[in-house]
Amino acid sequence: MSSAVTNGNGKKSAKRKRSEQAAEDAPAAATDNNLTKEQKKKAKKEKKKLARESKKREETAAATATGEEEQEEKKEKKEKPKKKKAKKEKKAKKPAAADVTTAADVTPATTTKALVSEVSQAEAEAFRAEHSITVSGDNVSDSAASLRPILSFDQAKAMMAQRVRDEGLVGAGGEAAVQKLTTAFFASTAGFARPTPIQSQCWPILLAKRDVVGIAETGSGKTLAFLLPSLLHIKKTMLAAGSNGNKNGRAAAPIVLVMSPTRELAMQTAEVAVELGSACNAKSICIYGGVSKDAQVRELRGGVQIVVATPGRLLDLVNDGALTLASVDYIVLDEADRMLDLGFEEDIRNVMRQVKQQRQTLMFSATWPQIIQKLASEFLASPVKVAIGSQDLQACKRVKQIVEVMDSHARDARLDQLLRQYQKTKDTKLIIFVLYKKEAVRVESMLARKGWTGIQAIHGDKHQNDRTNSLQSFKTGRSPILIATDVAARGLDIPDVEYVINYSFPLTIEDYVHRIGRTGRAGKEGLAHTLFTDFDKARAGELVNVLREAGQEVPEKLTRFGTHVKKKEHKLYGAHYKDMSTASGAPVAPKRITFD
C-alpha cells in the first residue's frame with residue numbers, strides 16, 4: 001500500500017517528497033514488515049523528525065542562495081558602469097591596426113594632431129567662420145586635423161603637456177612634474193575665459209613646429225600666441241645645458257629672439273616674456289637704443305634665454321661681441337611689415353644669417369601688404385599663414401569712427417571741446433595723436449595753458465627714461481591723457497583706452513588704422529575722433545574706403561575732396577612720390593642712414 005500524502009486539492013505536496021527521501025535513509029528495521037507495533041510507531045516518529053530536519057536544511061539553503069543572488073545582483077549593477085567605462089577607455093586607447101606606432105615613432109607633430117583632432121571638422125569650420133579665420137600655405141589643408149583650432153585653455157594645456165612628455169622635458173619627474181610644468185606655463189592666462197582666435201589657431205601649428213605668418217588686428221593677443229610655445233624651446237635647451245654641467249641649468253646664449261620696430265613695443269613684449277619665462281627659470285632682457293649699453297652688456301654676461309630687441313641696438317651689441325645669436329632657434333618678427341617699412345630689411349637679413357639655420361620663424365602683424373609678403377617669404381620655410389579677418393587693410397569694427405572736416409586753425413579750440421566732452425572722469429583714458437615731435441610739445445603746452453593737468457607725452461625728443469615713465473603713468477591711470485607721435489601707434493597694448501583723437505592725420509592710411517586700434521581692444525568698444533583738414537585731402541579717398549569697409553558714416557565734406565585713391569608704387573614710407581623700382585619693376589627699400 002502506498003504511503004503517499006495528498007493536500008486538500010488532491011495534489012502531491014513537497015512534504016511527500018521529503019518523507020519519501022527520509023524513508024530511504026531510515027533504518028532497515030523501520031521498513032521491515034515484521035516489526036512490532038511499538039517499533040513501527042518509533043520508526044514513524046523518526047521519519048517525521050528526519051523530514052523536518054531535511055525541510056529546515058532546504059529552507060536555509062534556499063534563503064542563503066536568495067541572499068547571495070540579491071547581493072550578486074546589486075554588485076553587478078554597481079560594477080556595470082565601471083566595466084562599461086573601462087571598456088570604453090580601453091577601446092579609445094587601442095589604436096587602429098594601420099595607426100599603431102611605437103614609442104620611438106611618436107613625434108610632437110603626430111601627438112599634437114591626435115589632441116587637436118578632438119575638435120571635429122564641423123566645430124573647426126564653425127569656429128573659423130565665426131571669427132573670419134583663414135588658414136593657407138604650403139602643405140596645408142583646412143581640413144587637416146593638426147591645424148584645427150583649440151577651443152579652450154584645458155585643451156591647450158593637454159596639448160602642451162603631451163609635448164612636454166614627448167620631449168622628455170621633466171626627466172624622471174613623472175606625471176606630477178608634467179602637470180606642474182604645464183600649469184606654470186599657463187599661469188599668465190588666469191582670468192581669461194578662453195584663448196583669442198589668433199591663439200586658438202596658431203598654437204597647434206606652432207606646437208607642430210611649423211613657421212607661421214600671423215595676421216590679426218591689434219589687441220588680438222598675438223604676443224602670448226608667439227611667446228607661449230617658445231617655452232618648449234627654452235626648456236629643452238636648458239635641460240641639455242643642465243645635463244652638460246651648467247650649474248644653473250641655463251643656456252648662456254639666447255634661445256628665443258623677438259624683434260620689434262619700436263622701443264615701446266619691445267618693452268611691452270618684454271614684460272610678458274618676463275612673466276612667462278619665470279615658469280621655466282628663464283631670464284629675459286629688453287634691448288633698445290637711447291640708453292647706455294653698459295647695463296645691457298652686464299645683464300647679457302649673466303646669461304639670458306629670451307631677447308626682445310629693436311634691430312639697431314641688437315646688431316650693435318652683436319658687432320661689439322657682447323651678444324651671440326648662434327643658439328637662437330626660435331625667432332619672431334613682431335610688427336614685421338612695420339620693420340620692413342622702416343628700412344630694417346638689411347638688419348633683418350643680417351640677423352637671419354647669424355641665428356641657427358634649423359629654426360622656427362614667426363612673423364606677426366596687423367597688416368600684410370603684398371609687396372611686404374614677397375620680401376618676407378625669404379625668411380620663412382613653408383609657412384602656414386593664419387589671417388584673422390580680412391587680409392586687406394581694415395579698421396576694427398568695434399571702434400566708432402567720427403571724421404570732422406575743418407580748418408586747421410580751428411583744431412586747438414575743437415580739441416579743448418572734445419576733451420571736455422569725452423574726459424568725463426579722471427579714470428577716462430584718452431590718447432591724442434599728433435604728427436611731429438614739435439607738434440606734440442606745442443599741443444601739450446597749449447592744453448596746459450587751458451588748464452588741463454595730468455597730461456603726459458611721448459615722442460622722439462624725450463629721453464628714454466622720460467618716455468618710459470610717461471607711458472607707465474598713463475597705463476596706471478595717474479595721467480589719463482597721453483599725447484603721442486606715431487612711434488606709439490603700433491603694437492602698444494594699453495588697457496582700457498576709451499578714446500583716440502587724431503589732432504593731425506598721419507602720413508599713411510596704415511598708420512591711421514593702427515592709431516585708432518589703440519582703443520576697442522580685447523573685445524571692448526571704442527571711439528576715434530579725427531580732425532581732417534585741407535592738408536590731408538590726398539588721403540581722403542583711402543579714408544573713405546576704410547570708413548565704408550567698417551560700416552561707418554562718411555561725411556559729405558570728406559567726399560568733396562574726391563574718393564579716388566592714388567596708386568602707390570609700393571608701401572615703403574617716404575617713397576610715395578618717387579619711383580624707386582628696379583628695371584624689373586621690383587621695389588627697392590630705402591637705406592637707413594646711421595650717424596655715429
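**The salt bridges in their setting**

Mentor: The secondary structure of the protein chain comprises 21 helices and 14 strands; helices (H or I, at least four residues) and strands (E, at least two) are DSSP runs, numbered from the N terminus. This is a predicted model, in which local features need pLDDT of at least 70 and side-chain atom pairs count only at pLDDT 80 or more, while totals for chains, interfaces and linings use all residues. Residues are numbered from 1 along each chain as its sequence is written, and side-chain values use heavy atoms, with hydrogens and water left out.

Of the 596 residues in the protein chain, 46% are buried. Here buried means under 20% relative accessible area, exposed over 50%, and partly exposed in between (1.4 Å probe, protein chains only).

We now turn to the part you asked about. The structure holds 19 salt bridges, a salt bridge being a side-chain nitrogen of Lys or Arg within 4 Å of a carboxyl oxygen of Asp or Glu.

One of them joins the side chains of Glu175 and Arg165, at 2.8 Å from N to O. Glu175 belongs to helix 6 (residues 174-185) and Arg165 to helix 5 (residues 153-167), so the pair ties together parts that are 10 residues apart in sequence. Glu175 is partly exposed, with a relative accessible area of 39%, and Arg165 is also partly exposed, at 33%.

Another salt bridge is formed by the side chains of Asp320 and Lys293 (3.0 Å, N to O). Asp320 lies in the loop between helix 12 (311-319) and strand 6 (330-334), whereas Lys293 lies in helix 11 (residues 293-301), so this pair ties together parts that are 27 residues apart in sequence. Lys293 has a relative accessible area of 29% and is partly exposed.

A further salt bridge brings together the side chains of Arg442 and Asp412, at 3.2 Å from N to O. This pair links distant parts of the chain, with Arg442 in helix 17 (residues 437-449) and Asp412 in helix 16 (residues 411-422), 30 residues apart. Arg442 counts as partly exposed at 37% relative accessibility, and Asp412 does so at 21%.

Salt bridges also link Arg163, Glu167, Lys209 and Lys236 in a network.

Finally, a word on disulfides: with a disulfide taken as a pair of cysteine sulfur atoms within 2.5 Å, the count comes to 0.
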